[in-house]
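Here's a quick briefing on charged side chains and how they pair up. Have the model open while you read.

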Amino acid sequence: MAAGGRASGRPAKKKGPSKGTGGQKRRSLEGRGATPPAEMRHWYKDKARSERIAREDRGGETRRPGSGPARQKRSEDAPEYIGGRNPVLEALQAGVPANALYVAQRVESDDRVRDSIKIAAERGIALLEVTRDKLDRMTEGVVHQGIALQIPAYDYAHPSELVDLAQDAAEVPLIVALDSVTDPRNLGAIARSATAFGAHGLLIPSRRSAGVTGGAWKTSAGTLATLRVARASNLTAALREYREAGLFIVGLDGAGKIDIGDADLLAEPLVVVVGSEGKGLGRLVREQCDVVVRIPMQAAAESLNAGVAAGVALYEVARHRRR
């Protein structure tokens, strides 16, 4: 029978390996050699560039693999960005220091964009065209309207320099210190009032406080370009040094016992300390104050915004000094 081998009932013999194939099997198990290092792979440069751009957008942040989601934390020496057509134009007109002006590709231009480009060119500020996605990352989600201004990290003064400024101008020192004011817009508003009423500078703590950011520049309407801001690693110690230098410390707090208009120190060398809205002055800062004053208000209003309160207090100081 043609199929006699299968019909015989005996199992078919398993076919063994052919002679002479051992070398081929060994070679197939060897693979393609050692895995090349990352820098020798064709995609390495593109990936490294993307990671570098991402780090720059996060302000130089680095993290270990597998350590969880990255925290969006900007380093202190990273540049800031002002976004929006009106804010950018106002900042350029006010002479805010800037490194570069970024304009989105195919942006719909108007007078504000054209004027911003013109002023940037006249001041020698670099003009760069970028994608909208890039602008979104740089401005961290702020509505930029296709234009953003990069400003350098602020160069803070030493607390003693604020007193030197007053002495150089032969004026009675007036310094505004901020205790736990964390909103940059409040810092900008206070800077605006401080400039209007003749203060010689702002003092802020290096921790748990707003700094001179893009938001502060925007709210200050350019006054931060002329008003010095000093930063102290320890606000309490800085206030103590001011007292030793002959300045009086007046704390502004809703829980104060004296109305600010009744205080008799306002014409003296002065540091006005503004506390945060709601919390007021910290205990250690309050202990450094020669007097704690309040702004008299109707009972319906529990407190004022820190920026508004500082403006009222500085006006009262200026009124006393004009007498």
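Arg283 and Glu287 join side chains in a salt bridge, 3.1 Å from N to O (a Lys or Arg side-chain nitrogen within 4 Å of an Asp or Glu carboxyl oxygen). Both sit in helix H11, four residues apart, or about one turn of the helix. Bear in mind that this is a predicted model: local features need pLDDT of at least 70, side-chain atom pairs count only at pLDDT 80 or more, and totals for chains, interfaces and linings use all residues. Numbering runs from 1 along each chain as its sequence is written, and side-chain values use heavy atoms, with hydrogens and water left out.

**Exposure of that pair**
- Arg283 counts as exposed because its relative accessibility is 57%, where exposed means over 50%, buried under 20% and partly exposed in between (1.4 Å probe, protein chains only).
- Glu287 is partly exposed at 49%.

**Other salt bridges**
- The structure holds nine salt bridges.
- Arg243 pairs with Asp290, with 3.2 Å between the closest N and O atoms.
- Arg243 is in helix H10 (residues 235-244) and Asp290 in the loop between helix H11 (283-287) and strand E11 (291-294), so this pair ties together parts 47 residues apart in sequence; helices (H or I, at least four residues) and strands (E, at least two) are DSSP runs, numbered from the N terminus.
- Arg185 and Asp183 meet at 3.1 Å, N to O.
- Arg85, Asp110 and Arg112 form a salt-bridge network.

**Whole protein**
- There are twelve helices and eleven strands.
- Of the 323 residues, 40% are buried.
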